[in-house]
Amino acid sequence: MSGNEIKYFRPALGSGSPTQAAPLPSIKRRDFLKIMGWGTVGVTLAGCDLPTTVTLEEGKETVVSYLSPEEYVIPGIGVWYASACLQCQAGCGIHGRVREGRALKLEGNPDSPVNRGKLCQMGQSGVQTHYNPDRLSKPQLRKDGKLVDISWDEAWKVLEEKVGAAADKSAGARVAWFTGTVSGHQAVLIGEHLDALGSKRHFVHEAINNAVGRAVNQDVLGEAMPRLAIDKAKLVLSFGADFLGTWVSPVHFATEYAKFRSGARGVLVVAEPKMSLTGANADLWLAVRPGTEGELALGIAHALMKSGVSVPEAARAAVTAYEPAKAAEITGISVQRIEQVAALLKQHSPSLVLAGATVEGQEQGYQAASAVMLLNVMLGNVGKTIVSRGEFPFPQLKPRTGNTRDLVAFAAAAKDKALDVAFFYGANPVYTAPASLGLVEALQHIPFKVVLTQFPDETAAQADLVLPVASSLEDWGTHVADYQPEQGVITFQQPLMEGLYPGTPGVGDALLKLLKMREAQKYGAFNDYFSYLQNAVASLPEQYKAGGLTNKQLWEQTLQKGLLTVDSAPGSLKTNVSAITLGEVKTDAEYPLRLIPSPRLGLWDGRHANIPWLQEAPDQISKVVWDSWAELHPSTAARLGVQEGDVVEIASAHGAIKVKVYVFKGVHPDAIAVPLGQGHEDYGRYAKGLGVNPLKILSPAVDAKTGELALYSTRVKATRTGVHEELVKEGRDNTSQRGRKLVATITAEQFRRTEGV
Amino acid sequence: MLWIQWDRATRGPVQQGCVVLLAALALACAMPSLAGSVTPTSIKYPIVPDGTHAGKDVEQPIEFPHDIHTAVNKINCLYCHNYARRSKVAGIPPTSKCMGCHSVIATDKPRIKQLTEYWEKKQPVPWKKVHDLPEFVHFPHEKHLKKFLFDNEELVQNLSVDTVAPVCAACHGDLRTMTVAKKVKPLNMGWCVSCHKANGGPGDCWTCHK
Amino acid sequence: MSLDNLTKDWSRYRKGIEEGGFHNYQHRWGMAIDLNACIGCNACSTACYAENNLAVVGKERFSKGHYMHWMRIERYWDEDQAKAEFPTQGANFLPMLCQQCGAAPCEPVCPVAAAYHTPDGLNAQVYNRCIGSRYCSNNCPYRVRYFNFWSYYESAWPEPLNMQLNPDITVRDKGVMEKCTFCVQRIRTAKDAAKMENRKVKDGDVTTACAQACPTNAIHFGDLMDAESAVTKLWAKHQVKRHDDEGLPVSTQHKQNPALRGYRVLEELNTDPSVMYLERVREELA
């Protein structure tokens, strides 16, 4: 390997020769599986405890013994392994309980500074992603228009022809990767693969993202993702940032929230057009007219200015323009409320003001999010509750964060016939792209589409080659979250069990295989991704081997802990406010309502719709299961003449969906909220054919500054269809305590007297 | 070691001292010269309730001779079934344990040739289950062995296959007289409850029902 | 309950419940759930599915109320805001699970003693004893007993989903009542482990799946007989007492300081629940 720059960990720091130190291990990835006694026939269960219909008759059942187990593998006793949760991008560490070779239960890794031993319902469901009955087990190739099963040998051969050494070298630049958020060595290898092809086309897409907020952070603070010290704030004002549910790092923020609410107990104010899980925990909830959060922020800023808080010069004009009375008229929040929030902010210092998806997903999203950030600057929160996270010491491992700009760009590139080959991994753009982008038609212009996936999703249905990959509980990996808590951390992923489907490669292994096709000499030395990662750890700078750790010890210790903490010295944040310009809020007589495609903690962007536990877990607010619904304010419902369960047609200029009504006061009368996640045309038995996908009818409008899709700006109209179906909910209509003391309440004042600090 | 086990209690790798200790203990017991050949009659064994079961002769892939290993070679039950002392299940010994001896001992015998074949093909031996309990029953071997074996001072003083076997025999019959195992006790609830009553075991339903 | 209770002394045993239950507990497992911390996120509920082999019943059966949410989050809206245009505050979330009552209404009505009281203070359900009369669930004021109207093994765990099933706990079949057990399999494992080391189970040895998962640490679990356990201290801090504690009169809140947050749901029914809730805190901003 000498002479080749293998880019991981060290080279970015620019010193020394990175790869000389560690001899490549000779252990094959699958060796450890072999010794567990299930040979080549896939999974045979050692032990006998699988609860099923059993017979007690002697000699009827087989009990498989181990061949040669590790000393600590004892039938009947669970063993815990540390690994990484990949159900969203937050980067939580997990401990998986393994018994008789089966992964049974996942818990949070107490050593992870991200989730501190806790795990949300999506993380808990990792086992159902892994054992999902609809997982793909064989590669499929499109022949005569239909996807047919092929052998792995054939699959790799086809790839060799299309993108390997056999392919036309000059065509490399017409190859693209389209992924969800990726980080760690997976991201490094994707970058390497594109480099090897001479392409720069890595599109990174997530439907649930905070790309606009990152842009504002970068411009104002000088850091895209600073640390947000919710626990240090005395008041949190959230404009649609659902930090307890779907925003950035929910489990981490929930652990911080617990501290925020104890002792002196901070105040939570939430302004949003549709009540989120965070809104459902607010002390003061404000139903803001959709798309006017920026105006509300400026109105509050104006009230603060009037009470003597200084305004940065650049923003003075904007703040002056929005007197509370004007802001009240636009936003629907009364002057009195605006002044009350300003007074609360002044009274509770430091505070923390957050902007979420409903603010960012507008045509003036960047400007609105800047207006929200302005409040932090005015209130002096920067440096107190918004703290520098510093530069991550290994920039190559940092996440390529998903957004929607790349989705638009990808659709355009495909339409322009600029791509010959596209690889898809960790994203399902055919499901998440608005129909108005014309992605499905554009994909026809890409001659060869390779989808690396576990499931027969909508994108796989459009593929020319489908490569099933290992589940996250069968794979190796390293992951770096975009939001880093107080301690920088690389989360390590190791398999909890033998792969269910022999032959399905890990993602890293598939990438290495692709790289070997192109640059055999450079990558040939790595037997597999496992040895590659081991080598990567061995080549860490000396400071990580303090106390004379050998490479082997460091590797084992890292896997044991499931993470590697890294040093990153915090810098300091700027407060670089520039002028804010909010245009007129447009109205549309034909399409009077705004569509809120609200994300759910659970189904997320639709990727978890194939998990039965999450389908059967009631939505936190509406308590609906196994379905989509449209949240309508009672006044809107009355105007339309509909009640709960009545089916309405929601039409935008770009399409229509039909969905049952859920009448709810926690939504602004100008808005209609349809949750994300359902409406799959494919994706297995649990997802297919349930509910609707609101993303489909969104307009292709983008935020003027960042080019991000304005996901919350689509105007729609709703009409009744006359059809009525029961909406299946937990607890039926049981929303009132009927005077009983079920949830008892005490005032915050009394709480602070007895339990405050 | 590719998978690293993480012990939640100690935040470190699992201590393996007990394994070594047990192996040493078992080996010591396996040596006829060290184990007393006379079984003291004063050792207290569990009071075994009446009841028998006319077990089937189960055909195993290899006709394992329990009698030769125990009655002739005096190998302690727990040398092979060493999980019993630490886990709810006694477990079938891993093939590597068989090969520990049989890579050198009796390699020319047909049964050993069969075993070696499995080992070389890296295939586990598909043993047939003989003693089974319904899946709603929680039966921890380790607690029963603790009470009747390891907390039994006099027995521990005189550890040998002949002192240990009667403990196992309470449920499994005397394997010193069998080749492959055969179910000879009823192992049903009434029988379990009688034994719990006679020996002072717990009577709470949820102790055993899961 | 021992088999003796059932075969010889059943009527006296049942009367014992009416008189306030057992007084010679070995443990009494209890909880404290802080509604100030609960955010209603559902992590506990899904963790319970993963730990306890709960069947997914599907939309059709869910609509008939056949679901198996041993741990569910109830969500209530403020009644004083019935006339307001918008809610000005968030919801009232209540994690509801079996309260493991000291004087449980479910136990004495079971015709076959499948529902009974353990020496650990748990309301046990012996699945293979249950005949499915459903008297227990009809008598439960908390509605936390769930009936298997169907056999779900095939439908809820198609291969290879069944490989996830926890071997420490049974998969319940058609016609059987089931309920939260405070993760008795974890308690059993902890007790077995403690016994092997000749000691008692100590605080922190065992926790339930819901408490372990809870992102805000709203759920605390432990032994109320252990004076040093965190949950005992929480109960003491909030002046909530069990009925069996020094023969206190029932049907009352015992706390001297009404400003403290501890209470038990439907305590006036004299069920002596093992779950103490801490009141939700409301800022008076509206």
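**Exercise 1. Find what share of chain C counts as buried, and describe the make-up of this chain.**

Solution. In this predicted model, a residue is taken as buried if 20 or more other C-beta atoms lie within 10 Å of its own. By that test, 56% of the 286 residues of chain C count as buried. Turning to secondary structure, chain C comes to nine helices and eleven strands.

**Exercise 2. Determine which residues of helix α6 of chain B are buried, and what they pack against.**

Solution. Helix α6 of chain B covers residues 141–150, and its buried residues are B:H141, B:E142, B:H144, B:L145 and B:L149. Seen down the axis of α6(B), these buried residues fall within an arc of 155°, and therefore they line one face of the helix. The packing partners of the buried residues of α6(B) are α7 (153–157) and α8 (161–172) of chain B, together with α7 (184–196) of chain C.

**Exercise 3. Work out how chain B touches chain C, and what chain B supplies to the contact.**

Solution. Begin with the counts, in which 14 residues of chain B are in contact with 20 residues of chain C. On the side of chain B that touches chain C, α6 and α10 (205–208) of chain B each supply at least two residues, and α6(B) gives the most, with three residues.

Terms used:
Residues are numbered from 1 along each chain as its sequence is written. Chains are lettered from A and ligands numbered from 1 in the order in which they are written. This is a predicted model: local features need pLDDT of at least 70, side-chain atom pairs count only at pLDDT 80 or more; totals for chains, interfaces and linings use all residues. A residue is buried if 20 or more other C-beta atoms lie within 10 Å of its own, exposed if 12 or fewer, and partly exposed in between; C-beta atoms are placed from the backbone. Helices (H or I, at least four residues) and strands (E, at least two) are DSSP runs, numbered from the N terminus. The arc is that of the directions from the helix axis to the C-beta atoms. Two residues are in contact if their C-beta atoms, placed from the backbone, lie within 7 Å.
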